[in-house]
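Reader: I have a model on my screen and want to learn how to read it. Where do I start?

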Amino acid sequence: MSENQIQAGSSVESLCKKCKTVTDHHVVAMLGDKIAKVECKVCRARHSYASPKAEAKAQAAPRVRSGATGTVKDAPQAAAPKAASPRKSTAAASRQAQAQAEQWEKLVGSCPSPLSYGMDRTFRSGDVIDHPVFGAGYVQKLMKPNTIEVMFKDAVRNLRCGKLS
C-alpha cells in the first residue's frame, strides 16, 4: 500500500459546511477510491466531502460577455440578502428591552419583601422572589412538574422549584 493512499481514518483538508472554511477532516467513508463522508476536526460535523478547491471556485467572480461590444468583464456581484437593517433591528430590540424593564419595574418595584429563592421552595404565580445571582424577579407562570417562569430585569428565565401541587 502506498503512503499517499487515502483510506477511512486518513486526515484530509475539506471545505467544512458548518465552519464555512477549509479545515482538517477525518475520512469517515469511502466510495471506491473516492472520499464520500468526512468529519471536521474543529466542529465535529459530519458531511459529504467537498474539495478545498470548491471554495476558490465559489469565490471567483463570474465573467460575462457584453452583447453590444463583445468585451468580457467581471459580472456584478449579487448582494447578500439582508434579514433586516441593523439599525432597525437594534432599535426594535432596544424598545422591547425598555418595555420589559418598565414592566419588571412596575411588578417588582412595589414589593416590600420579596421571597428568597430556593430550588426546594414552592412559589405561586405573582410572587416576587430574590435570586442570589439574577436579583429580584416576578413569577409569571408555573410549569409542571417543578419549574417556574420568572421575569428578571434583563431576561425571562425558567427556574427549578419545589414540586407544584
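Author: Start with the largest nonpolar core, which has nine residues: Tyr117, Phe123, Ile129, Val139, Ile148, Val150, Phe152, Leu159 and Cys161. Strand β10 (residues 147–152) gives the largest share of this core, three residues. Keep in mind that this is a predicted model.

Reader: What is the general idea behind a core?

Author: In soluble globular proteins, nonpolar side chains tend to be buried together. Here, another core of five residues lies apart from the largest one. Trp104, Val108, Val128 and Met151 are among its residues.

Reader: How do I read the sheet, and in what order do the five strands run?

Author: Strands of a sheet pair through backbone hydrogen bonds, either parallel or antiparallel. In this model the sheet is open, its order is β7-β8-β9-β10-β11, and the pairing is mixed. β7 (115–116) and β11 (156–160) are at the edges with a single partner strand each, so one side of each has no neighbour in the sheet.

Reader: Which strands does β10 pair with?

Author: Strand β9 (residues 135–143) pairs with β10 in the antiparallel sense, over six bridges. β10 and β11 are also antiparallel, over five bridges.

Reader: Which residues stand opposite Val150?

Author: Val139 stands opposite Val150 in β10. Val150 also stands opposite Arg157 in β11.

Reader: Is β10 largely enclosed or exposed?

Author: Five of its six residues are buried, so β10 is largely enclosed by the rest of the structure.

How values were computed: Residues are numbered from 1 along each chain as its sequence is written. This is a predicted model: local features need pLDDT of at least 70, side-chain atom pairs count only at pLDDT 80 or more; totals for chains, interfaces and linings use all residues. Side-chain values use heavy atoms; hydrogens and water are left out. A nonpolar core is a set of buried Ala, Val, Leu, Ile, Met, Phe, Trp, Tyr and Cys residues joined through side-chain atoms within 4.5 Å. Buried means under 20% relative accessible area, exposed over 50%, partly exposed in between (1.4 Å probe, protein chains only). Helices (H or I, at least four residues) and strands (E, at least two) are DSSP runs, numbered from the N terminus. Two strands pair if DSSP finds at least two bridges between them.
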